[in-house]
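This report describes selected features of the structure shown below, from chain composition to individual residues.

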Amino acid sequence: MELLTAALPALGEAANLIFQPVVLGYLVLGVVMGLAIGVFPGLGGIAGLSLLLPFMFGMEPVLGLALMIGMVAVVPTSDTFASVLMGIPGSSASQATVLDGFPLARKGEAARALSAAFSSSLFGGLVGATFLTFFILAARPLVLAFGLPEMLMVTILGLSMVAILAGRIALKGLAAAGLGLLVGTIGEADAGGSLRMATYDIPYLTDGLKLVIVGLGIFAIPEIVSLLRQDKSISSTATLGGGWLDGVRDWFANIWLSVRCSMIGVAVGVIPGLGGSVVDWIAYGHAVQTTKDKSQFGKGEIRGIVGPESSNNAKEGGGLVPTLLFGIPGSGSMAVFIGAVALLGSGDIEVGPSMLKNNLDITYSIVWLLALANVVGTLLCIAASGGIARLTTIRFTLVAPFLFMLIAFAAFQSGQDLFDLVALFAIGLIGIFLRRFDWSRPAFLIGFVLSNPAETFTNQAYQIAASRFRRGFEEGIDYIFSPIVIVLIVVTVVSIFFGIRQAKSIQAEGDVQSGSKRAPLIFLLLFTAYLVIAVVDASTIPDDVFTDKVFPLTVGSISVVCCLYLLFRMMTRPETDTIFADKEVAGEDAEAGRGLWSTLAWFAGLLVLSAVFGFIVALALFLLAFFRVRAGLEWAWSALLTAAGIAFMCLVAGLLNRDFPPGLLQSLVELPWPLT
Amino acid sequence: MSSKRSSLRHVAAGIGATLLAALPVSAAADMSGKTVQWVIPFSETGGSAKWANFFAPLLSEALPGKPTVVVKFMPGAGSTKGANWFQRQKHKDGTLLFGSSGSTQFPYLLGDPRVRYEYKDWNPVMATGTGGVAYLDKKSGARFDGTANKLKDIEFIYGSQGATRLDLVPLLAWRMLGMKVEPVFGIKGRGDGRLMFERGEANIDYQTSSAYLSGSMPLVKAGTAVPMMSWGALDANGNIVRDPTFPDIATFKEVCEATAGCETKGDAWDAWKAFFVAGFPSQKIAFLPRGTPKEVIDTYETAFAKVKARPDFAKISAKRVGKYPMFVGAEAKAALGTATSVPDKAKAFVTGWLKEAYGVSLKKK
């Protein structure tokens, strides 16, 4: 009751603040801008907010909030377009959506997949806001109950989803996750600053690889290359089935799944320090476990979309809790948001502990602006989904060069370094081979995403626990085995147990045939070689920074053992065994008209040209050559499409105040933008 | 409009002249229609971003011709990537500005192998500083009596961003006081450190001035935290005095003097003071690239002086970037001088201590 007496008047004030035509106008403006930016993979909320910053100074607070929240709220909605239609994970929020969304698009049911995703997003956003309205007043002690052991357990729960997504051979999935974890440790260690698989001579590596690049490389590049080789459209059927109404119906049929995943989203979003990276995987795992017929997952199961999409918008609401209550940003865009709020009005609104006491009405305005933005954004997206879905019927050879252009630009935004493109290409190669030999790509990505939290939380929790144990055994045990930890352990164990039993029926890569022994064996040997090198590298770190070496050493060793078992199995089994799975033996890839290497060479060409002439010149040459030679268009058409691509790229970069990768040419002569 | 602007310029010029007596104020070139790029070697999410975003519109208004000022982010390798890039830039038309912070100054001082930049080549035009306050949990706070004498047998846990970052200053201070503080590395920002303290996992913490005021003061008022000491502030002669923002909190210098075994002279003290100065009173500095002619430097100095002279400056800056003292022109140069000149003995002491206490060595592998 006490809660209600505090909440209701403030809610009324918030409603008065929000429901003014001008505020709603700003909200819609923000939503439209957010949608436009969210459609691009890799840009996300931070780019959009930075764009708004110059206007925030001294702006009427509620208007500024409406504009900013409108923009931030819809990014996890609109990035679904890229993940469903192109198989490109637009942000960390839409990785799991790719798994079933893209196969649906290939079946010609893109509109259905999109509208199911949007309905789920909308619902998740509303559940999140409702929950927050009451929860935010009581959240403080709960957030404080999540210490390091609890966060570590949530991370481990996320990692346990590997069990479900491991594929047909559990140890293969485990090794893929291990590789992901190790790739995540590349660079300067958080604890002691030791370098792992990096050198100061290549400063790029000391920062480690960015999620955008790994996500694009692992999911987008292999799919684009594969489709390009087949020279068809994304949708395998010419007529698009499944209209947007079907998608809404699909969501409604799975409404309880949507409710549960929304709650998962809010709950995990509330925990500061984890961010949203685990949410969609946990939701996906939950969707798999609660579905009776699991055979369709990875091939276009609608529940695989409803689950993660319900959770990722709910998570945005949950993420507001640490941001507003503690002044600790739950994500990068929230950090910019905090900075921007300080610029608003006379600067009186201070995000942090005083927010609930002094600005409860503003707090509620933020929560409900978020919900409202979700509604507006979703309706716009659903309205657009039918039309945009037609993109999947265009001949893919005409789409692919633009996709290469977009992902190269997106990758470059993460570090503004030519190495971004090199890293993208390298990770893309790994992705192509993981896909070809039926190694679980989701397992690799989960490993990568959770590598840093797993290592940091383990080290920190260990350090603090050791100190507690020195004070007394009981105090130590109380710290490690809190009730929350015990519950999470039970959930994790149950999830792994059922996960392993179910993993065989979930084939993210479809039914991959086995054939010759040589190629899979060579890849396994290379795979093992990297693991061994990484382990040796970690073992050279001096013992006085033990915290920097123990994690890569342990993970690497376990992965090597997995690989040794796989090697043993390869030696003892015939070449028809599933362990020799190879997409080049039979199926779409094997029957494709074009070779893998010649297709990949096009993309490599774009990178090499960029390194020499800078991105824009390289892009012009690449697009022109591609349309003329590969797609066989006339010169006039080629030139027209090239001009359109360049103009579009310059427009986006110009609006967002971004640069393009420079090449050798730029270091010799000064050129005007956009050639710089 | 133009008469208003020129009268403003007269006012600012007058103030600038009194403030920077040594500097002649020349008639500034008109910059209308130009775009000034202010490069920040960190991501959009950090404190330096907040700082530059606050100053950018004010600077735009104060520069002659009101050019657009855009903040551009160039994160990487703990800000050394952006600083190395800035080192390669030469003066063109005065539309490039760079913002460094304590995290750029420390690798330079510690001889980080990635550093390819030289502060002496650059032209500082404005600097701002901050202070910091260390505080204890309730239990150990009860044993704090203005000295660290009774704190020496407590096992302290501290959430830290890394021993080579700004955290070097509190860690070294606590060590000089003879306290056993175990840093838990790997947190992503000082806010996370405060959260760890609030959860009871850490029992000692420090925050910079503005974060202390907004985040930790409520804890002190609620009785769950006890302030221990501030790092202090520098007076005109370079002596450490009480921080004007926290006149009631003793400085580390005072606590050290009162604590048995802690000395305010010698290598350890020199090293602490040097890194404190580099990290706090002159934490963030705005630079023009090397080769910038004097009249361009003057233009920027006048503009920043104008910003500082705004009647509402104290009010708007306090809320948005914290109560930072702001230095312009000669003061900024002096601030840079103290921030980047550390005696070799002090440097050697710190590198030795980092290696011995935390196993950290900044050498090529």
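How many helices and strands are there in chain B? In this predicted model, chain B contains 14 helices and 13 strands. Of the 365 residues in chain B, 54% are buried. When contacts in chain B between residues at least 6 apart in sequence are considered, 77% of them join residues at least 24 apart.

**Domains of chain B**

The domain assignment divides chain B into domain 1, covering 2-129 + 282-340, and domain 2, covering 132-278. The centres of these two domains of chain B, taken over C-alpha atoms, are separated by 29 Å. Contact between them involves 12 residues of domain 1 of chain B and 11 residues of domain 2 of chain B. On the domain 1 side, helix H4 (102-110) and helix H13 (330-340) of chain B each supply at least two of the residues that touch domain 2 of chain B. H4(B) gives the largest share of that side, namely six residues.

**Contact between chains A and B**

Where chain B meets chain A, 39 residues of chain B are in contact with 49 residues of chain A. Several elements give two or more residues to the chain B side: helices H2 (47-62), H7 (190-198), H8 (209-222) and H12 (313-321), together with strands E6 (155-160) and E7 (180-185) of chain B. The largest share of this side, five residues, comes from H2(B).

**Packing of two helices in chain A**

Helix H8 (residues 170-184) and helix H24 (residues 546-572) of chain A have axes that come within 9 Å and cross at roughly 150°. Because angles over 145 degrees count as roughly antiparallel, H8(A) is roughly antiparallel to H24(A). The crossing of H8(A) and H24(A) is left-handed. On H8(A), the contact is made by Leu171(A), Lys172(A), Leu174(A), Ala175(A), Gly178(A), Leu179(A), Leu181(A) and Leu182(A). On H24(A), the residues making the contact are Pro552(A), Val555(A), Gly556(A), Ile558(A), Ser559(A), Cys562(A), Cys563(A), Tyr565(A) and Leu566(A).

**Residue classes in the contacts**

The table sets out the classes of the residues that take part in the contacts described above.

| Contact | Nonpolar | Polar | Charged |
|---|---|---|---|
| H8(A) with H24(A) | 13 residues | three residues | one residue |
| Side of domain 1 of chain B that touches domain 2 of chain B | four residues | seven residues | one residue |

**Two residues of chain A**

Is Glu223(A) buried or exposed? Glu223(A), which lies in helix H10 (residues 211-230) of chain A, is buried because 20 other C-beta atoms lie within 10 Å. Apart from its neighbours within four places in sequence, Glu223(A) is in contact with Gly87(A) and Phe102(A). Asn452(A) is 229 residues from Glu223(A) along the chain, and the C-alpha atoms of these two residues are separated by 27 Å.

Ala604(A) is found in helix H26 (residues 596-613) of chain A. Ala604(A) counts as partly exposed because it has 14 C-beta neighbours inside 10 Å. Between Ala604(A) and Leu421(A) the separation is 183 residues in sequence and 9.6 Å in space, C-alpha to C-alpha.

Definitions and conventions. Residues are numbered from 1 along each chain as its sequence is written. Chains are lettered from A and ligands numbered from 1 in the order in which they are written. This is a predicted model: local features need pLDDT of at least 70, side-chain atom pairs count only at pLDDT 80 or more; totals for chains, interfaces and linings use all residues. Axes are lines fitted to C-alpha atoms, for helices over the stretch in contact, and angles run from 0 to 180 degrees between N-to-C directions. Helices (H or I, at least four residues) and strands (E, at least two) are DSSP runs, numbered from the N terminus. Angles under 35 degrees count as roughly parallel, over 145 as roughly antiparallel, 65 to 115 as roughly perpendicular and the rest as oblique. A crossing is left-handed if the near helix is turned anticlockwise from the far one by less than a right angle, and right-handed if clockwise. Two residues are in contact if their C-beta atoms, placed from the backbone, lie within 7 Å. Ala, Val, Leu, Ile, Met, Phe, Trp, Tyr, Cys and Pro count as nonpolar, Asp, Glu, Lys and Arg as charged, and the others, Gly among them, as polar. Domain bounds come from an automatic or database domain assignment. A residue is buried if 20 or more other C-beta atoms lie within 10 Å of its own, exposed if 12 or fewer, and partly exposed in between; C-beta atoms are placed from the backbone.
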